[in-house]
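I opened the model to look up a few local features. My notes follow in the order I took them.

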Amino acid sequence: MFSSRMTGNQSSLLFGPLEDLQELAFIERPIRRSLKTAEEIDQLTVDEDLNDIERAVYLLSVGQEVQRASVISNLPSLVRQNPAETFRRVVPKVREVLNGAGAEIQLAAAASFLTILQDDIILIHTHTYSILKTVLLHLNHRDTVVSNAWLETLLSAINALPRETIKQEVLNPLLYQSQLSHSLQARLASCRILGKVACKFDSHIVKKELLPLIRSLCQDVEFEVRACMCRQLENIARATGTELLPELVELAEDEDSSVRLAAFDTIINLMEMIDSGSLSDEQQGRLLQRFKVLCVAGLQTEGNQTDGNNELTLIRCNCCYNLPAMVVFSDSAHFLSELYPSFSSLCCDPEVSVRRSAAASFHQVVKLLGSNVQLVHKELLALLQDDALEVTLFFVCGTSPILVLLSPLVPLCSPLVSVVPHQFPELLAALLLAEQKVGCSLRWRLHEKLLQRYSCLARLLPGELLHQSFSPRIFIILTTNKVLPVQKEAARTFCTFLRYNRKQEQRQEMMERLIQDLAQGRSYWNRLRFLDVCETATEIFSRKYFNKHFLIPALELVHDPVANVRYKLCQLLPRLRSSLRLPADKQLLQQLDFCVQKLLCREKDKDVVATIRKLRVLLLICSVVSLQFHKRQERDLLDQKKEKEETLLLEMEQLERQQSEGKLNSEKHIERKREQNCDSQRRVLVNWYNWSEFINPVCKLSFLTGRDSKTSLSATKSMSVSSSGAALSSSGKTKI
């Protein structure tokens with residue numbers, strides 16, 4: 001069928017040019033049948049009769065480098081099996097191999113000794129001392145990686161060594177290695193060793209023998225040494241107290257930023273040790289002043305612009321991180337005079353990363369301020385209304401800061417207080433604006449998290465304020481947002497608002513809106529959302545409240561013309577059935593059974609029919625056999641707790657209403673008594689005025705002119721005396 005011959009072009013297309021095939025045909029490659037020669041195999045062969053210790057000694061003595069590295073790496077296993085023989089025979093051979101060995105064997109030995117020390121395999125100190133001698137021999141290796149590996153082994157060995165051994169073998173050589181004539185690597189190692197051994201000795205020994213060396217390293221010419229020593233001052237200060245705080249403050253003013261950063265980190269870690277008596281007023285002032293300078297590092301005075309230095313921006317971010325500790329250090333009572341300008345500058349920094357760091361630490365500052373939270377009200381609004389969305393989200397969606405931010409204002413906004421602080425409406429407006437800004441973005445996961453945070457407002461805000469501001473917005477999200485997780489979180493938040501609202505009229509209004517706009521809404525989409533609300537309501541409300549307000553509207557959706565709604569209802573039926581308890585809910589159970597029978601008999605959609613047939617068995621089981629006893633008991637206890645809380649909310653509502661009515665009645669009673677007193681006083685004055693017309697005309701004059709009673713009385717007496725004198729004189733004249 002196929003042609004047995006091909007043309008030249010066809011063959012070249014299949015196999016390539018003939019010249020290449022010919023070249024491949026004449027290439028001869030020698031094939032090595034073994035990777036090792038016979039001599040090499042003999043060198044690698046070990047007698048099978050040798051035990052593990054003998055084999056290790058043999059390979060360390062005459063083996064190749066790869067075999068020696070393997071034995072050294074397996075040293076922890078040998079120590080576990082036979083520690084005495086390993087340290088007597090193998091470890092000395094390892095010490096011999098390490099002399100002049102390469103970096104690979106050095107690293108393997110350091111790692112093996114570190115494993116032995118960390119796993120607590122060694123039982124006696126003589127073995128640790130043997131490892132220590134080996135470590136000290138190779139601590140100053142010319143390779144930095146190898147030297148650091150041996151240093152880690154030494155630091156681990158210090159934990160297992162007695163004090164005298166550390167003092168003789170480690171500290172005595174250290175006093176000479178830390179001089180400037182030695183290498184930078186040796187001085188860095190000295191810093192870490194000092195920080196490790198300080199906790200092993202008493203404070204008077206550290207102060208007497210180590211403090212001079214520590215102070216010398218704090219003033220080293222290399223900034224790496226100063227930074228390394230600064231990070232070790234925390235351990236040293238815990239052993240010596242506040243002896244090195246002046247050096248620490250001086251390092252906080254170092255010319256190098258890495259040293260300053262290490263100093264501030266150490267100060268923050270030692271903050272619980274620093275009290276008002278540890279530092280002088282001058283030192284505290286210097287530290288605070290340095291912190292203020294760092295808060296504006298890299299900022300230009302005009303227009304609050306930056307110079308574009310990333311390192312200085314990072315410094316300001318670190319200042320935000322350390323700000324709560326500085327509030328503790330300077331005392332929150334002096335926050336307004338000492339730290340508020342720096343805090344305000346960080347919250348309004350031109351760099352987004354700095355403002356984000358300020359938002360992250362804001363709630364801690366508020367906790368420290370306590371009742372003085374109004375001091376940072378301006379910055380709070382600025383961060384909530386920040387142009388950068390990530391700042392607002394970090395501020396609102398952090399570690400539940402809303403509860404912290406609003407709690408100081410809650411006592412001022414209780415239902416019994418008629419005056420609401422002027423900062424509170426501004427804060428609520430900012431929170432609503434933040435939600436709208438997040439809602440307009442495409443970051444729906446963050447929107448969902450934000451709504452979750454807003455649910456805590458139900459326990460903070462007064463019912464009237466919550467009902468007027470947040471509830472309408474949450475309901476709009478519930479009915480208009482197209483992202484299902486956001487809708488469900490909005491449903492949860494709305495149900496939370498409904499549960500903790502203490503106004504019966506407002507709760508009734510919210511329920512009516514749910515039923516009219518969702519359960520009986522024109523759009524099937526809204527009716528689906530009502531079933532989502534019912535699913536959430538079973539978790540938030542008690543069975544009694546749910547069955548009273550949600551169950552019947554949900555079951556009525558069995559008549560819905562849209563199959564998707566009936567399908568959703570079928571999926572919800574087991575949850576609805578679990579909310580019923582016999583015999584109290586017998587009528588509701590009959591209505592649920594009627595709903596199931598209707599779906600079984602008249603349903604035409606195949607998906608709904610398949611679902612209800614599957615769920616029918618489950619519903620029958622729920623009717624006959626209840627849940628497991630412990631789960632049923634847990635749910636009943638939780639439901640009782642919810643019902644008690646709802647009852648308590650109703651009682652609180654009645655109490656507040658009675659108190660408000662009592663307050664109103666008392667005010668009316670006081671006003672009525674005041675009016676009665678005024679009327680009685682008027683009657684007394686009028687009667688007294690009428691009576692004075694017949695008694696003394698001067699009293700009428702004093703009443704009309706408002707003169708003092710004593711003056712009028714004296715005038716009356718004088719007039720009466722003069723009149724009586726005149727009468728006597730006239731009578732005398734008559735008699736005469």
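**Helix 7**

I started with helix 7, residues 83-98, in this predicted model. I found a bend of about 35 degrees at Val-90. A proline, Pro-92, follows within four residues of the bend. I then listed the buried residues of this helix: Thr-86, Phe-87, Val-90, Val-91, Val-94, Val-97 and Leu-98. Val-90, the site of the bend, is therefore on the buried list. After helix 7 comes Gly-100, and I noted its positive phi, near 80 degrees.

**Asp-331**

I looked up another positive phi. Asp-331 has one of about 80 degrees, although it is not a glycine. Most residues other than glycine have a negative phi. Where does Asp-331 sit? I placed it in the loop between helix 18 (310-330) and helix 19 (335-338). Its relative accessibility is 37%, so I filed Asp-331 as partly exposed.

**Whole chain**

I stepped back for the totals. The protein has 38 helices and 2 strands. Of its 736 residues, 43% are buried. I also checked contacts with a separation of 6 or more: residues 24 or more positions apart account for 67% of them.

**Salt bridges**

How many salt bridges does the structure hold? I have 26 in my notes.

Asp-220 with Arg-187: the closest N and O atoms are 2.9 Å apart. This pair links distant parts of the chain, 33 residues apart. Asp-220 is in the loop between helix 13 (203-218) and helix 14 (223-240), while Arg-187 is in helix 12 (residues 184-197). Are the two partners buried or exposed? I found both Asp-220 and Arg-187 buried.

Arg-286 with Glu-253: here the closest N and O atoms are 3.4 Å apart. Arg-286 lies in helix 17 (residues 281-295), and Glu-253 in the loop between helix 15 (245-251) and helix 16 (257-269), so the pair ties together parts 33 residues apart in sequence. Arg-286 has a relative accessible area of 34%, so I marked it partly exposed. Glu-253, at 33% relative accessibility, also counts as partly exposed.

Glu-535 with Arg-575: I read 3.8 Å between the closest N and O atoms. Glu-535 is in helix 30 (residues 524-540) and Arg-575 in helix 33 (residues 563-578), 40 residues apart. Glu-535 is partly exposed at 25% relative accessibility. Arg-575 is partly exposed too, with a relative accessible area of 31%.

I traced the salt bridges on from this pair. Glu-535 and Arg-575 belong to a network that also links Arg-492, Arg-529, Asp-532, Glu-539 and Lys-568.

**Helix 30 against helix 33**

Two packed helices are described by the angle between their axes and the distance between the axes. I looked up both values for this pair. The axes of helix 30 and helix 33 come within 9 Å and cross at roughly 10 degrees. That angle is why I call helix 30 roughly parallel to helix 33. Which residues make the contact? From helix 30 I listed Tyr-524, Arg-527, Leu-528, Leu-531, Asp-532, Cys-534, Glu-535, Thr-538 and Glu-539. From helix 33 I listed Asn-564, Val-565, Lys-568, Leu-569, Leu-572 and Arg-575. By class, I count 7 nonpolar, 2 polar and 6 charged residues in this contact. Glu-535 and Arg-575, joined by a salt bridge, are both on the contact list.

**Leu-151**

I moved on to Leu-151, in helix 10 (residues 144-160). At 4% relative accessibility, Leu-151 counts as buried. What does it touch, leaving aside neighbours within four places in sequence? I found Leu-139, Ala-189, Arg-192 and Ile-193. I also checked His-138, 13 residues from Leu-151 along the chain: the C-alpha atoms of the two are separated by 9.2 Å.

**Thr-240**

My last entry is Thr-240, in helix 14. Thr-240 is buried, with a relative accessible area of 7%. Not counting residues up to four places away in sequence, Thr-240 touches Ser-203, Val-206 and Lys-207.

Note on methods:
Residues are numbered from 1 along each chain as its sequence is written. This is a predicted model: local features need pLDDT of at least 70, side-chain atom pairs count only at pLDDT 80 or more; totals for chains, interfaces and linings use all residues. Side-chain values use heavy atoms; hydrogens and water are left out. The bend at a residue is the angle between axes fitted to the seven residues ending there and the seven starting there. Buried means under 20% relative accessible area, exposed over 50%, partly exposed in between (1.4 Å probe, protein chains only). A salt bridge is a side-chain nitrogen of Lys or Arg within 4 Å of a carboxyl oxygen of Asp or Glu. Axes are lines fitted to C-alpha atoms, for helices over the stretch in contact, and angles run from 0 to 180 degrees between N-to-C directions. Angles under 35 degrees count as roughly parallel, over 145 as roughly antiparallel, 65 to 115 as roughly perpendicular and the rest as oblique. Contact means heavy atoms within 4.5 Å. Ala, Val, Leu, Ile, Met, Phe, Trp, Tyr, Cys and Pro count as nonpolar, Asp, Glu, Lys and Arg as charged, and the others, Gly among them, as polar.
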